Amino acid sequence: MDCKLCENDLERYHRGKLPPEISFQIKEHLKSCPGCAQSYRLLLITENVIAEEKSLRGNPYLVTRIMAELENENSRRSVARPSVQRVLRPVLITISLFIAITLGILEGNLIRTSPSYEPVPVEILILNDSAVESVSAFTNP
């Protein structure tokens with residue numbers, strides 16, 4: 001028997017679902033082949049681990065203890081939280097408003113272009129003077 005056939009039939013050999021002659025061949029092959037013997041030992045170890053896992057029972061009070069601890073943690077947080085929120089919320093709002101106003105002023109100053117000085121047309125000067133002077137000064141020649 002070769003190793004590939006032996007490894008394919010190891011589980012059925014372990015369960016006793018093989019004919020006696022094939023079972024005998026596998027048994028003899030396991031005695032002579034260390035690789036297949038190691039595979040069979042791993043199969044047995046795996047079976048034992050799975051059987052132990054199935055036999056473990058959970059602690060029925062574990063869930064109750066965990067839930068009680070979570071409720072205690074939530075109650076501790078809810079006691080500490082309002083005082084922190086009452087102090088921090090106004091402080092954070094004030095700081096954020098200060099930052100927003102400062103950034104607005106800085107942005108306005110950066111965007112504003114330098115004033116351009118263009119000569120004022122004479123007509124505008126005359127119009128402005130006409131608003132200040134009386135009309136009679138223009139009518140008497």
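The largest nonpolar core has ten residues: Cys 6, Leu 10, Tyr 13, Leu 18, Ile 26, Leu 30, Cys 33, Cys 36, Tyr 40 and Leu 43. A nonpolar core is a set of buried Ala, Val, Leu, Ile, Met, Phe, Trp, Tyr and Cys residues joined through side-chain atoms within 4.5 Å. Two or more residues of this core come from each of helix H1 (3–15), helix H2 (20–32) and helix H3 (34–55). Leaving aside residues up to four places away in sequence, Leu 30 touches Cys 6, Leu 10, Tyr 13, Cys 36, Ala 37 and Tyr 40; contact means heavy atoms within 4.5 Å.

This is a predicted model, in which local features need pLDDT of at least 70 and side-chain atom pairs count only at pLDDT 80 or more, while totals for chains, interfaces and linings use all residues. Residues are numbered from 1 along each chain as its sequence is written, and side-chain values use heavy atoms, without hydrogens and water.

The chain contains six helices and zero strands. Helices (H or I, at least four residues) and strands (E, at least two) are DSSP runs, numbered from the N terminus. Of the 141 residues in the chain, 9% are buried. Buried means under 20% relative accessible area, exposed over 50%, and partly exposed in between, with a 1.4 Å probe and protein chains only.

What is the place of Leu 103? Leu 103 lies in helix H4 (residues 62–111). Leu 103 counts as exposed because its relative accessibility is 51%.
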